[in-house]
Amino acid sequence: RPRVLSGIQPTAGSFHLGNYLGAVRQWVALQETHDAFYMVVDLHAITIPKDPAELRANTRLAAAQLLATGLDPERCTIFLQSHVPEHTQLSWVVECLTGFGEAARMTQFKDKSSKQGTDHTTVGLFTYPALMVADILVYQADQVPVGEDQRQHVELTRNIAERFNGRYGATFTVPESYILKETAKIYDLQDPTIKMSKSASTPKGIIDLLDEPKTTAKKLKSAVTDTDTVVRFDEAEKPGVSNLLTIYSTLTGAGIPELEQKYAGKGYGALKTDLAEVVTEWVTPFRERTQEYLGDPATLDTILARGAEKARAVAAETLETVYDKVGFLPAK
Ligand code: TYM
């Protein structure tokens, strides 16, 4: 079985629809066909200051949500990044293979650091991509299911893997990103030219998966569309409507042409009302399952401990090879 690896940050509140449609939905599908490793990236989370109690709560919440989406610890390995020290150990080696300029070209770093200013930007935010490279390479992953915004980081991973292999001999699998075109980028409901994101969107622009259904309906009703009334998929001319159609189509399996036909002559109101129902229908059992996992932290912690054990077995083997190739003497 080919191997997949991916990660998600433990954010305050819940995952949003962009996280789910862009990435986690694919994780659930891939656990059936791949040797799958999925983690909550708590180490990455502290690149921006986090309150410890909140980080703890958000990490549990993230793990509970992953299980609630349908990830099954019998079919995939679910764990916390901080439970597998090999990630940070390999990350140092990666940092020493990454050019300063190369890291400085990462657009996510440029975006985040320019918003924060250099005094508030940590070195950790700068080296964040190196840790992500290590996350992927330490499992010898073949594919990395992510949204479009992570493509550049996976490209960097490929470059580093090739560089290491060139310098020290064949060691790493060179991974590919696994990005579904339709859902690569889910857009902000209020500004359909930017991606839905916790850091850039206003609350009205984001569908949080744990929102009350009433809130979701309200947000969808006030989603920015255009002055026309024709329901048609056209990303350039009608980014707002197209985004709603993408969400609708992915959650129901209905094709876009089918939806265009269904709403012909009906206008945006009908589309938004129905979409609110579609989202609610998906989100309601998800919310219930998340609460169940949160209500049983002992089970959750056991799942995560088992996941970490499985992950470490793989990661430790890679790290040992890498340390040897680099020229570090064995400890014993
Ligand atoms: P994060 O936590 O920001 O996002 C998790 C996943 O959700 C995807 N995503 C989106 N997809 C489509 N439309 C959107 N609006 C949208 N917003 C977010 C992201 O692309 C991502 O796949 N650096 C990563 C976490 C990470 C990782 C890794 C991923 C750390 N190590 C190793 C893969 C492999 C991040 O911050 O994702």
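Aspartate 135 is in contact (heavy atoms within 4.5 Å) with Leu5, Met39, Val41, His44, Gln81 and His87, leaving aside neighbours within four places in sequence. The model is predicted; local features need pLDDT of at least 70, side-chain atom pairs count only at pLDDT 80 or more, and totals for chains, interfaces and linings use all residues. Residues are numbered from 1 along each chain as its sequence is written, and side-chain values use heavy atoms, with hydrogens and water left out.

The side chains of aspartate 135 and histidine 87 are joined by a polar contact of 2.7 Å. Such a contact is a pair of N or O atoms within 3.5 Å; within protein, one must be able to donate a hydrogen and the other to accept it, and residues adjacent in sequence count only if both atoms are side-chain atoms. Aspartate 135 counts as buried because its relative accessibility is 2%. Buried means under 20% relative accessible area, exposed over 50%, and partly exposed in between (1.4 Å probe, protein chains only). An unreviewed UniProt entry places the feature "binding site" at Asp135. UniProt positions follow the numbering used here, feature names are shortened, and annotations may be inferred rather than shown by experiment.

Aspartate 135 is found in helix α7, residues 123-137. Helices (H or I, at least four residues) and strands (E, at least two) are DSSP runs, numbered from the N terminus. Glutamine 140 lies in the loop between α7 and β4 (143-145). Its phi is positive, near 55°, in a residue other than glycine. Glutamine 140 is partly exposed, at 21% relative accessible area.
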